[in-house]
Each structure stands twice: as C-alpha cells, then as structure tokens.
2 protein chains.
Amino acid sequence: MAGGRPRTFDSEAALDRALEVFWRQGYEGTAISDLTKAMGINNAPSLYNAFGNKEQLFSKVLDRYADGPARYIREAFDQPTARGAVEALLHGAADATTDPDHPRGCITVQGALACSPGAQTAREELTARRAAGEAGLRARLERAVDTKELPADADPAGLARYFTTIYQGIAVQAAGGATREQLHQIVDTAMTAWPSRA
Amino acid sequence: MAGGRPRTFDSEAALDRALEVFWRQGYEGTAISDLTKAMGINNAPSLYNAFGNKEQLFSKVLDRYADGPARYIREAFDQPTARGAVEALLHGAADATTDPDHPRGCITVQGALACSPGAQTAREELTARRAAGEAGLRARLERAVDTKELPADADPAGLARYFTTIYQGIAVQAAGGATREQLHQIVDTAMTAWPSRA
DNA sequence: CCGGATTTATAGCCATTGCTAAAATACCCC
DNA sequence: GGGGTATTTTAGCAATGGCTATAAATCCGG
C-alpha cells in the first residue's frame, strides 16, 4: 500500500491547497501537519520529498499565488493608461481580497508581518515581494511621466508608495471584515489624489 | 532565595517589555519563555500568577499600548477641527510606526492578522480594536458635518474607512522598511482626498 | 517474473508549546 | 521569634513544532 513511481501527482493543485492554508493562517500559524492534511499528502516525509522544507514550500506557494489569485496585479500593468493601471490594480485588490472562494486579505501582507526570529526568512521574502510590486508600479508611473500622461513635476516614487499604501490598507481592511463595496468606495476616494494637470 | 510578599513589582514596566516582544514578533510568534525573559520574570508560573494566561496578558499589553506609544491616537481627536484630527492621527502614525525606540509598525495591525485557529481570540480582539478606532474617527467626522466643517453631502463613514485604510497601510509600509519622511509624504498625498466645499 | 529504482510509511529525533500541581522559600505582622 | 500568607521554584504534564533515518512497499524496465 505504499510507494511506487511518481504518480504524476498534481503538484499545482497541492500548492493551491497549501496556499489556502498559508493565506488563512499565516506562515507561522501553519503547521506541517496542516499542510499535509490540506494537500492530500499522507505523511510529512512525502511533503518534504516533493517540496523541500517549509520555507521552500512557502516560496513556491507565493509563486503560485502570483500566477493565480493575484494574477490581476501583473495584468493591471497592461492597461493603456497609468491611471487605468492603478484603477485596475486597486479595484482588483478590492475584489481579490473579498473573493468568497479564498481567504480574506492578501497573503503577501498577512503572511508574516511580525514573526519570531525563526520565521525571518519568510518575512523578508514577503517584504521583498511587496517592494517588487511597488517598484513595478513606480516604473509604470515613470513611464506615464515620459508619455506626458502625468505632469512633469509628478513624483512617481511618491505616488507609487501612496497607492501601494492604499493597496496594503485594503488588505488589512479586508482581513478585518470590510465588504467588497466598501473597498471599492475606498479606491474611488483614493483615486481623488491622482495628479491633475494644474 | 525564593518567594515572599508582593515586592510591589513594577507590573507596568513589565507590560512595556512584553509589549515590545508582542509588537516585534506578533502574538503567535511570541512564546511564554520570550515574555518571561523580556519581563525579568524568572519562571512561567510567576507570569501566569501575575498576568493570567497568554491571551489575558496580550489584552493587558494592548491597553498599555493604547495608553503609551499609541496615546497620540486619542489625543488626535482633541484637535479643534476634524481635518486637524485626521492630520494629527496620520502624521502621528508616521512618527509612531518608525519610532527608533520601538519595533516598526503597529501592533494592532501586525499582532495577529492571520493566525492558527488557536489564536483566533487574539485576532478578534485586534480586529475589534481596529474597528473601534475607525468608529471613533467616523464619530468625529459626523460631528464635523454637524458643525458644517464638512459639507452636508460628505460621507463620514466612507471617509473614516478611507483614512483608516491609509493608517493601516502606513503600518504595513513601516513594517516593510519605509522611512519616516516617506510616510509623512504619503499622508500629505492622502489628505488631498479631503472633501472641498464644492 | 525478477531486479533496481523510487516513493512511500513507520517511527522517532530533539526541542518547545502553553500551562499547572505541589513543594520549597521568604517575607510581614504579631 | 513564630505563625500565616504569598510567592517562587522545581518538576513535569500532554501536545506539538519541524524534520529525518530507516525500512517497507510498489512500480517500471527488462
């Protein structure tokens, strides 16, 4: 009743299940036994054999997150205008963080904001991913200055930080129980700060 | 070398030490042994005797937080104008979340955003405290409508959610390493959304 | 139908988790 | 100085943490 060749086991589906658990419980609140149970893996050794240790699994899960539930982030940058990109990003966040098919909030924010010394690596990985998102937004806004969509005196770095702050605040609000409609309204208010050509 | 009457042990100072640990490591990332070490208590039983269990200690720590490092929040509401109150609140957050004498961020946000089922009580307590802060802000903004500082068609509840979102986003930004100056700039941008008397 | 490769499962590592009963100690008041 | 009280200590509970060595079971290629 044991063993055999690789059963072409669907590791993507398993990662999706692991994502749900990490998303809901955070890195430190998730035990290996929680993961094996959720992933349909019977024993811890099988999990370690397939995905490495907890940190490595978490990293793979974050990749899967970016390609799945958070794909809207990358897609937002494809909008023709920078303003459209920011709107797609933030309204997408309002939807994604309240999707009834997933835990509330954003794993990148709530996965490991504060944690014990033993989880610093996970925390730093999340910090880096958040910084990467902000940097991508800044790049898009810089381009908008070049194309004159934004005035020459606009501050792309400052605006990127502001809208990233909105994004992260939305994640906290969602984790606290805010409704989807309330979050969309927050986005509308936030967009008020968009620079007008004086 | 053991025992004795109550040594009028300074429990406030001990709570301040516990606050530092919970603040930096979160509820679930903090072990009782971390707390006893930081608080200058030799044994776990002494801690339980003095402060109850972990949840109760956490709650006491949050009270101490509200009266100490986060006192600026209550004080912000004393500003003569609602706009002044919001500015005091958010600029105060920019300072407090980057105070070199304390861990970065806000314990109310990063204490237990996502956690295991065993820490739900702590999570719910933080959620409630965040909601209470938002409710206080809403009340202040409703008063501003009454006094005509805000236009009659302003939405106090929506504005309170927006500025609370900024507040919480600032906490995440601070935890991620943003500088104090960057946070103050975010606040300035956020205040752009303040309703103007059309 | 067997040998070799591979993945399972069993069992257990060592450390720590939050928490507590019982015993030992030190203090204050009389 | 003795009695009573309060506290600290020692020791340990049952459970779990992440992780792994060993061994059993299964499949494939031949």
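A cavity, on a 1 Å grid over the protein atoms alone, is a set of points where a 1.4 Å probe fits but cannot get out, and its lining residues have an atom within 4 Å of a point. Its volume is the space filled by probe spheres set on the points, with grid points joined across faces, edges and corners. The structure here is a predicted model, where local features need pLDDT of at least 70, side-chain atom pairs count only at pLDDT 80 or more, and totals for chains, interfaces and linings use all residues. Residues are numbered from 1 along each chain as its sequence is written, chains are lettered from A and ligands numbered from 1 in the order in which they are written, and side-chain values use heavy atoms, leaving out hydrogens and water.

So what does a search of the whole structure find? It turns up two cavities of 30 Å³ or more.

The largest cavity comes in at about 150 Å³. Of the 22 residues lining it, A:Ala114, B:Glu28, B:Gly111, B:Ala112 and B:Ala114 lie nearest its centre. This lining holds 10 nonpolar, 10 polar and two charged residues.

## Chain A at a glance

Chain A has 10 helices and zero strands (DSSP runs numbered from the N terminus, with H or I of at least four residues for helices and E of at least two for strands). Its C-alpha atoms fill a box of roughly 75 × 30 × 30 Å along the principal axes. Of the 198 residues in chain A, 49% are buried, meaning under 20% relative accessible area, while exposed is over 50% and partly exposed lies in between (1.4 Å probe, protein chains only).

The domain assignment, which is automatic or from a database, gives chain A a domain 1 (13-65) and a domain 2 (70-191). Their C-alpha centres lie 25 Å apart. Where the two touch, domain 1 of chain A gives 15 residues and domain 2 of chain A gives 22, a contact being heavy atoms within 4.5 Å.

## Helix α6 of chain B

Helix α6 of chain B covers residues 82-96, and at 1.5 Å a residue its 15 residues should span 21 Å; the end C-alpha atoms are 20 Å apart, so the two agree. The expected span is 1.5 Å times one less than the number of residues.

Buried residues in α6(B) include B:Val86, B:Leu89 and B:Leu90. The buried residues of this helix pack against α5 (71-76), α8 (120-146), α9 (156-175) and α10 (180-191) of chain B.

## A few residues to look up

Most residues other than glycine have a negative phi. A:Lys148 has a phi near 70°, and B:Lys148 also has a positive phi, of about 70°. A:Lys148 sits in the loop between α8 and α9 of chain A and is exposed, at 64% relative accessible area. B:Lys148 is in the loop between α8 and α9 of chain B, and counts as exposed at 63%.

Leaving aside residues up to four places away in sequence, B:Thr189 touches A:Tyr162 and A:Ala193.

Note on methods
On a 1 Å grid over the protein atoms alone, a cavity is a set of points where a 1.4 Å probe fits but cannot get out, and a pocket is an open set with protein on both sides within 12 Å along at least five of seven lines; lining residues have an atom within 4 Å of a point. Ala, Val, Leu, Ile, Met, Phe, Trp, Tyr, Cys and Pro count as nonpolar, Asp, Glu, Lys and Arg as charged, and the others, Gly among them, as polar.
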